[in-house]
Amino acid sequence: MAMDETIKGKKIMKQNVKNIIFDLGCVLVGLDKQRCVRAFEQIGAGDVASYVRDHRTADLFFGIETGQMTTEEFCDEVRSMSRCKAENKEIVWAWNQLLVGIPDEKKQRLVDLKKDYRLFLLSNTNDMHWQKCVTDFFPYHNLGVNDYFEDVYLSYKLQLTKPDRKIFETVLRRSQLQAAETLFIDDVKENCESAAQLGIQVMHETTGNDWINAW
């Protein structure tokens with residue numbers, strides 16, 4: 001089978017693609033950083049809001065994405081950093097305000113693609129965001145996340161994050177994929193470059209919707 005990739009109005013033919021690995025944020029799930037900032041400010045955690053606003057992934061957010069910090073420890077750290085008294089459920093709510101859902105159009109596209117390709121998910125994420133996606137965003141008619149993807153790979157479970165090549169090697173090995181037959185779709189250029197170094201075909205997603213009509 002072949003696949004088209006749209007870049008700046010040009011179509012690049014993807015040859016021999018049998019497997020597609022999707023990123024989660026920006027590719028499937030919409031993100032709203034300002035809404036998340038406002039939510040943290042609303043619960044009195046303004047210092048944490050600045051982390052979101054400045055896209056600082058080190059320390060606090062890196063810990064939950066690599067599985068080095070539990071949800072409870074994350075909430076404790078938020079309270080400590082911001083000197084607020086918000087309850088765990090309020091902190092989780094504020095953090096999940098970053099996510100704005102998956103349009104039905106994308107879920108239907110996944111359903112259609114699964115007829116011809118093996119589909120996988122690979123995301124730098126945390127337990128709070130993932131549970132929100134599974135519960136609220138992936139359900140579609142009578143389908144759930146496991147109906148779209150053959151395997152799901154999450155950074156906090158693997159204790160690896162993109163763009164580390166080890167995370168791509170893990171996906172290829174565990175799902176028995178040939179790199180040359182695999183397409184990886186991600187909105188972060190560095191992640192695409194890392195995958196490409198292993199011979200994986202890549203599509204740098206720029207709008208969140210490029211991939212829907214790319215073939």
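Me: Which helices do the buried residues of H5 pack against?
Reply: The buried residues of H5 pack against helix H1 (33-42), helix H2 (46-53), helix H3 (60-65), helix H4 (71-82) and H7. Contact means heavy atoms within 4.5 Å. Helices (H or I, at least four residues) and strands (E, at least two) are DSSP runs, numbered from the N terminus. This is a predicted model, in which local features need pLDDT of at least 70 and side-chain atom pairs count only at pLDDT 80 or more, while totals for chains, interfaces and linings use all residues. Residues are numbered from 1 along each chain as its sequence is written, and side-chain values use heavy atoms, with hydrogens and water left out.

Me: And which residues of H5 are buried?
Reply: In H5, which spans residues 88-96, Ile91, Ala94, Trp95 and Asn96 are buried. Buried means under 20% relative accessible area, exposed over 50%, and partly exposed in between (1.4 Å probe, protein chains only).

Me: Let us turn to the domains. What does the domain assignment give?
Reply: Domain 1 covers 19-30 + 101-204, and domain 2 covers 33-97. Such bounds come from an automatic or database domain assignment. Taken over C-alpha atoms, the centres of domain 1 and domain 2 are 25 Å apart.

Me: How many residues of each are in contact, and what area is buried?
Reply: On the side of domain 1, 11 residues are in contact with 10 residues of domain 2. The area buried between domain 1 and domain 2 is about 950 Å², with 57% given by carbon and sulfur atoms. Buried area is the accessible area (1.4 Å probe) that two parts lose on being put together, summed over both.

Me: How many residue pairs are in polar contact across that interface?
Reply: The rule finds 4 residue pairs in polar contact between domain 1 and domain 2, both residues at pLDDT 80 or more. A polar contact is a pair of N or O atoms within 3.5 Å; within protein, one must be able to donate a hydrogen and the other to accept it, and residues adjacent in sequence count only if both atoms are side-chain atoms.

Me: Which elements give two or more residues on the domain 1 side?
Reply: Those elements are helix H7 (127-137) and helix H9 (155-158). H7 gives the most, with 4 residues.

Me: One more: why is Thr125 counted as buried?
Reply: Thr125 counts as buried because its relative accessibility is 3%. Thr125 lies in the loop between strand S4 (118-123) and H7. Leaving out residues up to four places away in sequence, Thr125 touches Ile64, Glu65, Trp130, Leu154, Ser155 and Tyr156.
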